[in-house]
Amino acid sequence: MARIMIVDDAATVRMYHRELVEALGHQVVEAENGIEALEKALGATWDLFLVDVNMPKMDGYRLVREMRSGEDLREVPVVMVSTEAKARDKEQAWAAGANHYLVKPVRPEALQAVVRALAGEAGA
Amino acid sequence: MGLVKRQESGQGAPERERRRHGRAPEDLVRQLADPDPAVRRWAARDLAAHPGAADALADALEGERDPAVRQALLDALAAIGGEAVAERLIPLLRSEDAGLRNGVIEVLQGMPEAVAPRMARLLEDEDPDVRIFAVDICRSLPHPDTPRWLAGLLGRERHVNVVGTAIDVLAEIGGPEELPALRAVAERFADEPFVAFSAKVAIRRIEEGRA
């Protein structure tokens, strides 16, 4: 079982992604913004972060830059999940240090395929 | 969303720094372009008391990259408020900079009187990203018409992510009056799993709140 952080300010998005990730047998922790995600990430081991771009207090790009600049979360795979599909948005995600970029709304099979690829499947 | 009060540490000796510079409004406006971020930040803070500086603050905000100075500029504009500030901030919703956009959204959320007359135009903007940010403003906009605006949006909106964001906000702030719009949009986007899911959640939340 992998531990996966879902970071999004929209509660319905967090619930939707949680259902899809938990269906693969993984454990999910939710955060509403980058600051809350960093606070909840402290002292634990993580296998994957699913991160929205537009969030209050600390946006997704800044969260990923913070993760990559520290020791503990530097190697954790990050999938950015955004409503924005322009090339410029994806470039910003790669520049921040994201591993993958999905455009909302994410098809269930697409999200689960990426989670399987980056965090495996429970019991696998 | 509340405004974050910044700590003074790491900024040198701010009081001594302040005394070295003029405090007249025209001096402060000039200091917004100073190479030292601490000087720019103090100038922004002090200009919060000068409504006539709104344009200078907005001009500086567009080019500012230092997060602490940017926050001071946003705080100053929030303190000044009013129609002119709203008019200057709304175009920044089109910025490529997510941090700037989110800061602007937070300031606009605190200006319901100035934002309300502009919301219809924002919710009909040709750019779906701007419509999403307009819906995000509604998330924390203390205005009684917000649920009605969003229900109206659901009736005409074709972009799935604008619809999804509006449903999410209505799940938080909607009431029984918005249930018909939520049921109708769930039907219209029946082949879109996320919309079907989020509409179900919103309807359940509103109905449970009513029970």
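User: In which sense do strand β4 and β5 of chain A pair, and over how many bridges?
Analyst: This is a predicted model, and each answer here should be read with that in mind. Strand β4, residues 78–82 of chain A, pairs with β5(A) in the parallel sense, and one of the bridges joins Ser82(A) to Val103(A) in β5(A). Helix α4, residues 87–96 of chain A, packs on the sheet and touches both β4 and β5 of chain A. The sense of the β4(A) and β5(A) pairing is parallel, and the number of bridges is 4.

User: Which strands stand at the edges of the sheet in chain A?
Analyst: The sheet is open and has 5 strands with parallel pairing, in the order β2-β1-β3-β4-β5 (chain A). A strand at either end of that order has a single partner, so one side of it is left without a neighbour in the sheet. The twist from one strand to the next averages 20 degrees. The edge strands of chain A are therefore β2 (27–31) and β5 (100–103).

User: At what angle does helix α3 of chain A run to β4(A)?
Analyst: Helix α3, residues 60–69 of chain A, lies across β1 (3–7), β3 (48–52) and β4 of chain A. Its direction, compared with that of β4(A), gives an angle of about 175 degrees.

User: Is helix α10 of chain B roughly parallel or roughly antiparallel to α12(B)?
Analyst: The axes of α10 (residues 146–156) and α12 (residues 179–188) of chain B come within 9 Å and cross at roughly 25 degrees. Angles under 35 degrees count as roughly parallel, and the crossing of α10(B) past α12(B) is left-handed. The contact includes Ala151(B) and Leu154(B) in α10(B), which face a group in α12(B) that includes Leu182(B) and Val185(B), and its residues divide into 5 nonpolar, 1 polar and 2 charged. The angle therefore makes α10(B), relative to α12(B), roughly parallel.

User: How many nonpolar residues are in the contact of α10(B) with α11(B)?
Analyst: Helix α11, residues 160–173 of chain B, packs with α10(B) at an angle of about 150 degrees, with the axes 10 Å apart. Among the residues that meet are Leu150(B) and Leu153(B) from α10(B), and Ile167(B) and Leu170(B) from α11(B). The contact holds 1 polar residue and no charged ones, and the nonpolar count is 12.

User: What is the handedness of the crossing of α7(B) and α9(B)?
Analyst: The axes of α7 (residues 98–109) and α9 (residues 128–139) of chain B come within 8 Å and cross at roughly 45 degrees, and that angle makes the two helices oblique to each other. The crossing of α7(B) and α9(B) is right-handed.

User: Which aromatic residue of chain B pairs with Tyr16(A)?
Analyst: There are 4 aromatic pairs over all chains. One of them is tilted, with 5.4 Å centre to centre and 50 degrees between the planes. This pair crosses between chains, from helix α1 (residues 11–22) of chain A to helix α13 (residues 193–210) of chain B, and the partner of Tyr16(A) is Phe197(B).

Definitions and conventions: Residues numbered from 1 in each chain as written. Chains lettered and ligands numbered in written order. Predicted model: local features only at pLDDT ≥ 70, side-chain atom pairs only at ≥ 80, totals over all residues. Heavy atoms only, no water. Pairing = 2+ DSSP bridges. Axes fitted to C-alpha atoms, helices over the stretch in contact; angles between N-to-C directions. Contact = heavy atoms within 4.5 Å. Parallel < 35°, antiparallel > 145°, perpendicular 65-115°, else oblique. Left-handed = near helix turned anticlockwise from the far one by under 90°. Nonpolar A, V, L, I, M, F, W, Y, C, P; charged D, E, K, R; others polar. Phe/Tyr/Trp six-rings, centres within 6.5 Å; stacked < 30°, edge-to-face > 60°.
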